[in-house]
Amino acid sequence: MDAGAGGGREHPPSLPDRAHKISERLDGLILREAARTGGKSPAYRELADRVNRIAGRSVISRDTIRNLHQATTQKGQSPNPTVETLDWLGLAFGIRCGATYFLDDAKAAVVDEQLLALDALANIRAAAGNAGVIGLAQRASGLSDNSLHMLAALADRLSALEAEASGDGGAAARTTPSGRQEDR
């Protein structure tokens with residue numbers, strides 16, 4: 001009997017597929033950190049230093065992080081990190097499930113939802129320090145869903161106009177209702 005036929009068993013993803021999955025998830029974490037810290041992505045050396053500091057020993061280099069982020073080595077091969085390396089890399093971004101996040105779609109989806117919730121909480125916390133935002137929220141609390149959608153659209157449009165007026169040329173990023181960043 002052919003080992004690949006029947007049985008409903010899934011085969012592990014090929015090394016290039018796995019490398020691209022790791023790359024996409026690492027890219028998302030880097031972009032999220034850049035957005036949180038004012039738009040500057042952490043350098044590979046900075047990430048490697050963070051990982052090694054958390055581990056208390058040298059477990060990753062900047063070149064390894066670059067290879068994982070680009071899904072290829074300098075020799076054009078797919079990187080094949082150890083589970084331990086991915087565990088430490090995840091911890092450097094505050095993700096306790098480490099390798100599982102990088103390799104398991106279902107676990108990554110759960111963690112990504114949690115990260116979106118944390119981002120939303122941070123935005124609420126920042127807005128809570130602004131008396132004008134609090135007053136607007138209080139006035140909007142009794143509005144219908146349709147009115148709330150219109151108010152949100154108006155706020156998005158005003159943000160875009162202010163970005164254009166400040167010289168961003170309308171390229172300001174906004175968060176869509178699904179939580180994704182969208183360039184304008």
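Guide: Happy to. Let's start at a helix end: after α8 comes Gly 167, and its phi is positive, near 100°. Keep in mind that this is a predicted model.

Visitor: OK, and how many residues does α8 have?

Guide: Helix α8 covers residues 145–165, which is 21 residues. From its first C-alpha to its last it reaches 30 Å, close to the 30 Å expected at 1.5 Å a residue.

Visitor: Let me zoom out. How many helices and strands does the protein chain have?

Guide: There are 8 helices and 2 strands in the protein chain. Along the sequence the pattern reads α-α-α-α-α-α-α-α-β-β.

Visitor: And what share of the residues is buried?

Guide: The protein chain has 184 residues, and 27% of them are buried. As for contacts between residues at least 6 apart in sequence, 46% join residues at least 24 apart.

Visitor: Is His 20 exposed or partly exposed?

Guide: Its relative accessibility is 44%, so His 20 counts as partly exposed.

Visitor: Now α2. What span should its residues have?

Guide: Helix α2 has 12 residues, which should span 16 Å at 1.5 Å a residue. The C-alpha atoms at its ends are 16 Å apart, so the two values agree.

Visitor: Which residues of α2 are buried?

Guide: They are Leu 47, Ala 48, Arg 50, Val 51, Asn 52 and Ala 55. These buried residues pack against α1, α3 and α4. Just after the helix, Gly 56 has a positive phi of about 80°.

Visitor: Wait, Arg 50 is on that list. Which ring does its charged end sit over?

Guide: The ring of Phe 93, with the charged end of Arg 50 lying 5.7 Å from the ring centre.

Visitor: Nice. Which residues in the largest nonpolar core touch the most other members?

Guide: That core has 25 residues, and Leu 26, Leu 89, Tyr 101 and Phe 102 touch the most other members. At least two core residues come from each of α1, α2, α3, α4, α5 and α6.

Visitor: What does Leu 89 touch?

Guide: Leaving out residues up to four places away in sequence, Leu 89 touches Leu 26, Val 51, Ile 65, Leu 68 and Phe 102.

Visitor: How many aromatic pairs does the structure hold?

Guide: It holds 1 aromatic pair. The rings of Tyr 101 and Phe 102 have centres 5.4 Å apart and planes at 75°, which is over 60 degrees, so the pair is edge-to-face. Both Tyr 101 and Phe 102 are buried.

Visitor: Last stop: Asn 67. Where is it found?

Guide: Asn 67 lies in helix α3, which runs over residues 62–70.

Visitor: Why does Asn 67 count as buried?

Guide: Its relative accessibility is 14%, and buried means under 20%, so Asn 67 qualifies.

Visitor: And which residues does Asn 67 touch?

Guide: Apart from residues up to four places away in sequence, Asn 67 touches Thr 72, Thr 73, Gln 74 and Pro 79.

Notes:
Residues are numbered from 1 along each chain as its sequence is written. This is a predicted model: local features need pLDDT of at least 70, side-chain atom pairs count only at pLDDT 80 or more; totals for chains, interfaces and linings use all residues. Side-chain values use heavy atoms; hydrogens and water are left out. Helices (H or I, at least four residues) and strands (E, at least two) are DSSP runs, numbered from the N terminus. Buried means under 20% relative accessible area, exposed over 50%, partly exposed in between (1.4 Å probe, protein chains only). Contact means heavy atoms within 4.5 Å. A nonpolar core is a set of buried Ala, Val, Leu, Ile, Met, Phe, Trp, Tyr and Cys residues joined through side-chain atoms within 4.5 Å. Rings of Phe, Tyr and Trp (its six-membered ring) pair if their centres lie within 6.5 Å; planes under 30 degrees apart count as stacked, over 60 as edge-to-face and the rest as tilted. A charge sits over a ring if NZ of Lys or CZ of Arg is within 6 Å of the ring centre and within 35 degrees of the ring normal. The expected span of a helix is 1.5 Å times one less than its number of residues.
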